[in-house]
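Thank you all for making time this morning.

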Amino acid sequence: MLDKLEIVKQRFDEVNDLIIQPDIISDQKRYVALNREYKDLRILMEKRDSYIELTDNLKEAEEIIADGSDAEMVEMAKIQYDEAKEGIPKLEDEIRFLLIPKDPDDAKDVVVEVRAGTGGDEASIFAGDLYRMYTKYCESKGWSVSVVDLNEGTAGGFKEIIFEVSGEDVYGTMKFEAGVHRVQRVPQTETQGRVHTSAATVVVLPEAEEFDVELDMSEVRIERTTSTGPGGQSVNTTYSAIKLHHEPTGMIVSCQDQKSSHKNLEKALKVLRSRLYEMELAKKQAADSEKRKSMVSSGDRSAKIRTYNYPQGRVTDHRIGLTLYDLQNIVNGDIQKIIDELQLAENTEKLKASDETI
């Protein structure tokens, strides 16, 4: 373990020197990447210091116990020995997980797209419930949420809603939400009291920076229109809504949330970049069979990942077979326990893969 940590320390020292070099600071892409790496390595360095301290304590305690000349010192050494013996394996497990190579996208902000699937009006209502669940969860994390575009359902909720989430390590957390979510409950419109199954699709895109995707604006047609739906008189009467047509891919991105045409264009470009970035990521992942084998965060939009069963008050995540009878708290934003289990499952998978390659 110390040999591995020594290699990490060498890299930490190297990165520490690099981030103050003028040529690195002037290269925004490299500077941002190195800063993220520095932050991750610094956590490992703190664990390294703790590990060295514990192993030194263990060695010292063993020497005192072996000497045995001072009974009082031996008693203290035995306590120190037990603490070190208990602490070292736990710390080694933590370090092993930290040594697993991180997805460079995990630190990115995200664009989330929630769309109603099968189930008519009830699916739209459910899409609205998911949006509310995510906004409450993001609030609890101290993240900011900003709506990009929405299309309201006829009976409430949304046929589609797109929003940005900004904060710390957002993609690394929210990527587990990508896939098909199902709800089983009695719809408000149901007169017979029968349970219906509806669905909504969640797409989570790592937000691409300008240097991640080279977007040729000559290939983007910008359409300016008046906004539709609620938003106030000034929004609906000025040409503030933006629709982008990306000619090479046929992608269309709309944004009408802001009163300012400039701000709507800025948001729409972020979504377009993120979608193009995701296309490139999908190609890379398809070529990487090991990565695509992961069922936890494969990003497969057609995969049914979770069911919210209202009559039984339960939520089941099908990827890891996790069932929790805590539906009300979960739909009110308390999804951290599910994400923790998914992260643990993915890290365990990665750890096995890294052990197999050693």
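Let me start with how a helix length is judged: the expected span is 1.5 Å times one less than the number of residues in the helix. This model is a predicted one, and in it helix 5, which covers residues 120-141, has 22 residues and reaches 32 Å from its first C-alpha to its last, close to the 32 Å expected. Just after helix 5 comes G142, which takes a positive phi of about 80°.

Most residues other than glycine have a negative phi. D169 is not a glycine, and yet D169 has a positive phi of about 50°; you will find D169 in the loop between strand 3 and helix 6.

Now to the charged side chains, where the count comes to 25 salt bridges. Which residue forms a salt bridge with E122? The partner is R185, with the closest N and O atoms 2.4 Å apart, and this pair links distant parts of the chain, since R185 is in strand 4 and E122 in helix 5, 63 residues apart. R185 is buried, with a relative accessible area of 10%, and E122 is buried as well, at 7%.

Another salt bridge joins K175 and E346, whose closest N and O atoms are 3.7 Å apart. Because K175 lies in the loop between helix 6 and strand 4 while E346 lies in helix 11, the pair ties together parts that are 171 residues apart in sequence. Salt bridges that share partners join D106, K175, E346 and K350 into one network.

Terms used: Residues numbered from 1 in each chain as written. Predicted model: local features only at pLDDT ≥ 70, side-chain atom pairs only at ≥ 80, totals over all residues. Heavy atoms only, no water. Helix = DSSP H or I, 4+ residues; strand = E, 2+ residues; numbered from the N terminus. Salt bridge = Lys/Arg side-chain N within 4 Å of Asp/Glu carboxyl O. Buried < 20%, exposed > 50% of the residue type's maximum accessible area, 1.4 Å probe, protein only.
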